[in-house]
Amino acid sequence: MRLLIAAAFSIASTAALAAAPAGSPAPSFSATDINGKPVNLADYRGKTVVLEWHNFGCPFVQKHYRSGNMQSLQAKYGADVVWLSVNSTSRSSSDYAEPARLSTQLRDFHAAPAKYLMDDSGAVGMAYGAKTTPHMFVIDPAGKVVYNGAIDDKRSTDLGDVKTAKNYVAAALDELKAGKPVSIASTTPYGCSVKYR
Amino acid sequence: MFTPFPVLAAAFAAIALLASPASRAATLVKTEHVEADLVADKASAQPGKPLRVGLRLRMEPQWHTYWRNPGDSGLPTKIQWILPEGWKAGEIQWPFPQPLPVGPLMNYGYEDEVVLLAELTPPSSAPAGNASIKARADWLVCKDICVPEKGELDFVLPVASRDAGADPRFVGSVERALGMLPVDAAGWKYEAALQGKSLVVRLTPPEGAAAPTKATFFPERESLIEPAAPQRLTRDGRALRIEMKLADPPIAGMTSLKGVAVSDSGWNGSSGRKAINVAAPLGAPLGAPAASTSTDAPAGGGMFAALAFAFLGGILLNLMPCVFPVLGIKVLGFVEHAHGDARAMRLQGAIFFVGVVASFLALAAIMLGLRAGGTQLGWGFQLQSPVVVALLAALFFVLALTLSGVFEWGAFAQSVGARLSARGRYADAFLSGALATVVATPCTAPFMGAAVGFTLTQNAALSLAIFATLGAGMALPVLLLSFFPALLKRLPRPGAWMETFKQVLAFPLYATVAWLAWVLGAQSGNDAVFALLAGLVLVAMGAWTYGRSLHAEGVWRPTLAAILVAAGLVVAWPGGAMNASGSAAAATDDLQWQAWSPEKVRALTAAGRPVFVDFTAAWCVTCQVNKRVALHNASVIGAFAAHDVATLKADWTRQDPRITATLAALGRNAVPVYALYLPGEEAPRLLPEVLTPALVLAEIEKLPVAKTAVTQR
């Protein structure tokens, strides 16, 4: 009977967005990458992880790739951090792209994430409360979210703004590397909505 | 050159062209999804006198642009004015937005057409003649995908000393835009507070006036609230209280709140405008709402009425078919001891009471906790999971088999045999209390819906008090029996009749199993029902094997029994069935039920039809009874046809956040709820939870007879 009561208290799952605010433990996940390989967040315990919500169809994402901004961050910090791009675009969205097409696009842009995760079910995005593309998370080696928010402080689709913007992710990663607390730990993400089902 | 996205590249090229210095401003800019131009409220400007000039964006159907706070994503439209010497431009005057849900996210913005007005003031020295007004505008337009667009617009505005009146070309658009500007309503008082994880705003109308029953609040500040979380509305005396879920993490150091409140029925003193400006310092928590003046009598009766209804509802729960057998068994145990140790019996009754109340509190705490976390749940949520339904069915089946005498096992057999240790008996009393609670929750007895609905608008302590009262009501009869065994003396002395009574009690339990199988069918389809029944056959074999082993030596029979029961549960487990589509809508309905959606209600009432909405769920017994008794009735069906009432079914058998939100807006959190929406009336009329044909007819006959439908009779 105890078991039954415990079961009776268990709850039907809902499609509501969860959240992973800065300071909270990073929700664990396992997903499949663009090559069909499993990726588990737990495997990166002990390393700094960056999550970047991605969708090439979104003009805000294009801004950071056409300007070379995102690739240069990936290259600059690639040695120290595990950079995971996550695509939560649902298959029903017109922005959805097959892995093969995405691979070509990533190559053409010289994008260099450690892994590119296909999350078309939206499970990872919902667990983190990812709202926009891009929406950036930094997870410290202890598995704690230390940054949640926008890529920078210039909310626009203008390529030119990248140069003058303050990049929050770079700042967080620099502080983390220097052993300092992240001074700006949460900001409002900007961009297109994540194309959930 | 290879380009990763040719279509967008083309769009970018077009935009680059527009933005390049060589591009010339145009009076009308047509982009991929928008037509943009400038409009003015006057045919000509007068020197030194302000007038309104606006950017008009006409979007392709289903595409939208954004409000100043775009919500979860998006970008507000930007305008940069380029004006002749000495002219001044004010800020954009934003019309109130509409909520634009995108999957689990929410945006605030505009569809179809929006005019973003700004006040322009020519200098008093402005020469007569034509002035050239230019605007560089940037907007993000989205549907499923987003496209940033921009345009450089120009507009020739004559300057003359005389007031030329409105410009007839733009009068429609300008008036619509002006009508959508939020106004300051006279005499209203606004208060705001951060309470736990919520932002609470209280809008108090001037003396003698009433607040609208429905409203939506749009905060000016981004990232202040979770835009997609439903806003909870409560009547608070004459005032309206709006509770919103704060963003996580909440914005630190806020001292005041600014935003726009929108109600379709307008506001006292807003001269018919739907939107008002709300500004308030963030102050101390607002305390519990005052007694409400809502038309919903039970929910409006305030705290004591809610407690009284909870208590009464709790007592009535004892009569529900799924609860009665559990209590019957309890009472049998008492009969056994009625002539024994009175003190031990009182203690058992008290422990049962504690078990029920504690379980109600636990369930309520879990529900409140999850709701605070943003999950959309209502009372009876346990049965929205097919796994729980299947497990309950198996449990009821096993209990029924015991009562039928297939096997004797566990606490029931032992308590009849009176060989149970004292401690075991008390554990049994507590657990039967918990069991009774779990099975009782979906049986929303009369009055309970209102009490539970009231509860969920209250602070946590009061909510818990109400649930505790509900439990106390349910446990009362058993408690009374245990304290006044004299009542039991009226029953025959223990004997053979008890065995018969026990066997009879098995049948309501079998009936409950049948009902749960039907619920599962509605949730997960035919296959799940077959799996359940096949699983139950295995469970029955296990129970039978166990029963045979009781008087035999060895361990193989109990082991086999355990294996069979485990196999039965595995077979019955509704794996992945949550995604299966199902519906409580029965095909045998005589009324033409359509699937409910808020849009459909709006569309039908807009078309002049009354709309009857049945908020129901397969696991809700009261709903099924009402359907059979009141809605299947021939004269009711005739009346619905005569008055051309559209019937919509909102099926809450499985989780549906939209239904939960709509129920909350109606002040309810349980089904059944019957709502009659009338054209031209914002708030629906709510019918009682227990329907009779006469009640429904009385409500329907009040409506005007539909001309077209009369001939159908």
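D119(A) is buried, because 24 other C-beta atoms lie within 10 Å; a residue counts as buried with 20 or more other C-beta atoms within 10 Å of its own, as exposed with 12 or fewer, and as partly exposed in between, the C-beta atoms being placed from the backbone. This is a predicted model, in which local features need pLDDT of at least 70 and side-chain atom pairs count only at pLDDT 80 or more, while totals for chains, interfaces and linings use all residues. Residues are numbered from 1 along each chain as its sequence is written, and chains are lettered from A and ligands numbered from 1 in the order in which they are written.

D119(A) belongs to the loop between β5 and α5 (123-128) of chain A. Helices (H or I, at least four residues) and strands (E, at least two) are DSSP runs, numbered from the N terminus. Leaving aside residues up to four places away in sequence, D119(A) touches A31(A), V86(A), N87(A), S88(A), V124(A) and G125(A); contact here means that the C-beta atoms, placed from the backbone, lie within 7 Å. R91(A) is 28 residues from D119(A) in sequence, and their C-alpha atoms are 9.9 Å apart.

## Strand pairing around β1(A)

Strand β1 (residues 30-33) of chain A pairs with strand β2 (residues 38-40) of chain A in the antiparallel sense, over three bridges. Two strands are taken to pair if DSSP finds at least two bridges between them. S30(A) has N40(A) in β2(A) as its bridge partner. The two strands form a hairpin with four residues between them, and G36(A) in the turn has a positive phi of about 80°.

β1(A) also runs antiparallel to strand β5 (residues 115-118) of chain A, to which two bridges join it. Here T32(A) has M118(A) as its bridge partner, and D33(A) stands opposite L117(A).

## The sheet of chain A

These strands belong to an open sheet of seven strands with mixed pairing, in the order β2-β1-β5-β4-β3-β7-β8 (chain A). β2 and β8 (145-149) of chain A are the edge strands, each pairing on one side only. On average, neighbouring strands of the sheet are turned by 30° against each other, direction ignored.

Helix α7 (residues 168-177) of chain A lies across β3 (48-53), β4 (81-87), β7 (136-139) and β8 of chain A, and runs at about 170° to β8(A). Axes are lines fitted to C-alpha atoms, for helices over the stretch in contact, and angles run from 0 to 180 degrees between N-to-C directions.

## A helix pair in chain B

In chain B, helix α7 (residues 386-404) packs against helix α13 (residues 496-524) at an angle of about 160°, with the axes 8 Å apart. α7(B) and α13(B) are therefore roughly antiparallel to each other, as angles over 145 degrees count as roughly antiparallel, those under 35 as roughly parallel, 65 to 115 as roughly perpendicular and the rest as oblique.

The contact of α7(B) with α13(B) is made by 19 nonpolar residues, five polar and one charged. Ala, Val, Leu, Ile, Met, Phe, Trp, Tyr, Cys and Pro count as nonpolar, Asp, Glu, Lys and Arg as charged, and the others, Gly among them, as polar.

## Chain totals

Chain A has seven helices and nine strands, and 46% of its 197 residues count as buried. Among its contacts between residues at least 6 apart in sequence, 77% join residues at least 24 apart.

Chain B has 21 helices and 23 strands. Buried residues make up 46% of its 713 residues.

How values were computed
Contact = placed C-beta atoms within 7 Å.
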